[in-house]
Amino acid sequence: ILLMSLLPSFNIMVSGQQQESDSLKLYLMLAAKNSPVILQSLSQYKAALEKVTQAGTLNDPELNLDYFLSPMEIASGKQIGNISIMQMFPWFGVNKAARDEMAQMAMAEYESLQGVKLKLFYQIRETWYRLYEIKEDILISSKSLEILKTMERITEARLKSGESLVKGDMMNEQAGATPLADLYRIKIEIGGMEDKILTLQTRQRTLIATFNSYINRPSLTDVFVPDTMEAGLLSLTREAMHDTIMKNNPAINIINDRKESLEARGEMIRRMGYPMVGIGVGYSVIGSSKMSSSEMNGKDMIMPMASITLPIYRKKYQAMSRETEYLKSSADYSLETVSNALEVEYYSALQQYEDARRRLTLYSDQISLSHKILSIKLSAFSSAGSGLSDVLQVISATLDLEMSYLKAVTDCNIAIAKMNELMASENL
């Protein structure tokens, strides 16, 4: 009866999605707020935004000051010094194209920030699901250990009650040797199960430290993992998921933004090949001179000025244009490379999801049958003390099936998390 009472604890429940959602949402929000990798990428994006303002401004005006140590005699007096200021203006549209280039580069940094956040969210989800898997693995293994220890107590009780001979020549008393050998076999199984649990607990501590590093918390901070978890379902069709990945994935958007920035850069280079115009004013300080009879004697002079650059050295502009075209070509090839890599990741995640869903159905049926077999074997062992090998074999098989089902749940949820990352869905 005691052995039979332990059987229901083997069942893995797959409900409680609300509890799962609440805790995971909290951890994702903490990561978005506190993670150093996100804050680093955010600072890079803000720095890129500042470049937009820098690119849209004119060059600083140029101020010239001249002072004559010995005033120079001129017709209108003595020239003491000159002051001039000049502002250069690029050709129409150069600054706008420069701003457009930096704006698109800033957008690329924003998409990079999104990619960093999505990757971190995936790592958090994956580690969280692994923690649930280990937690349930420890629980199921502990229940198996309880059954083995109960079988150990039953066998010891039989030996003590005289159901078998424990004195005399064990080689000649076959009836007494079997229960004692059974006891030894059970103890071996118990030792192996205890070692497995300790190994799982060590892995659990490592995963907890990894998880806390993602959200920038002390390594030993407790992580809440629900008692039950559902295997999720994908809500989109294959075609919709594929199209969403190719449209929204940050890796694709980064390249497209860089291509747009190169278009703006090409326009800027084209316009830089036109002259720049400068407008300014000069002021000459004139002192009076006894040698001058001019009516302008001692009067300062103001002189409007204009200048223009002559971009006659065309090779540098041609080289800059060719450089831009090569970079565009490189971006096109990079887009193909990234698209192919995303295709592989998409089909890999889809295969993992479909395999996990298929295994869930298979293992669910097999676990049900295994429980029935184990119930029969435990009943026979409890009443007659026979069939230990069969009991141990069924316990091992049932444990393997429970673990396989649990791994299928984890694999299914991890595949969905990967698909969310590829589709750029934060899905808090």
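Modeller: Let us start with Ile279, which lies in strand β3; please keep in mind that this is a predicted model.

Biologist: Is Ile279 buried or exposed?

Modeller: Ile279 has a relative accessible area of 51%, and because the cut-off for exposed is over 50%, Ile279 counts as exposed.

Biologist: Which residues form a nonpolar patch on the surface with it?

Modeller: The patch is formed by Leu58, Phe89, Val277, Ile279, Ile308, Leu310, Ile312 and Tyr313, and together these residues have about 830 Å² of accessible area.

Biologist: Back to β3 for a moment: how many bridges join it to β2?

Modeller: Strand β2, residues 77–89, is joined to β3, residues 277–287, by 11 bridges, and the two strands run antiparallel.

Biologist: Changing topic, which residues in the largest nonpolar core touch the most other members?

Modeller: That core has 46 residues, and those touching the most other members are Ile124, Trp128, Met151, Phe211 and Val223. At least two core residues come from each of α2 (17–34), α4 (94–161), α5 (174–214), α8 (315–384) and α9 (388–422).

Biologist: Which helix gives the most to this core?

Modeller: That is α4, which contributes 16 residues.

Methods. Residues are numbered from 1 along each chain as its sequence is written. This is a predicted model: local features need pLDDT of at least 70, side-chain atom pairs count only at pLDDT 80 or more; totals for chains, interfaces and linings use all residues. Side-chain values use heavy atoms; hydrogens and water are left out. Two strands pair if DSSP finds at least two bridges between them. Helices (H or I, at least four residues) and strands (E, at least two) are DSSP runs, numbered from the N terminus. A nonpolar core is a set of buried Ala, Val, Leu, Ile, Met, Phe, Trp, Tyr and Cys residues joined through side-chain atoms within 4.5 Å. Buried means under 20% relative accessible area, exposed over 50%, partly exposed in between (1.4 Å probe, protein chains only). Patches are made of residues with over 30% relative accessible area and no salt bridge: like charges are joined within 9 Å, nonpolar side chains (Val, Leu, Ile, Met, Phe, Trp, Tyr) within 5 Å. Accessible areas come from the Shrake-Rupley method with a 1.4 Å probe; for residues, only the protein chains shown count as cover. A salt bridge is a side-chain nitrogen of Lys or Arg within 4 Å of a carboxyl oxygen of Asp or Glu.
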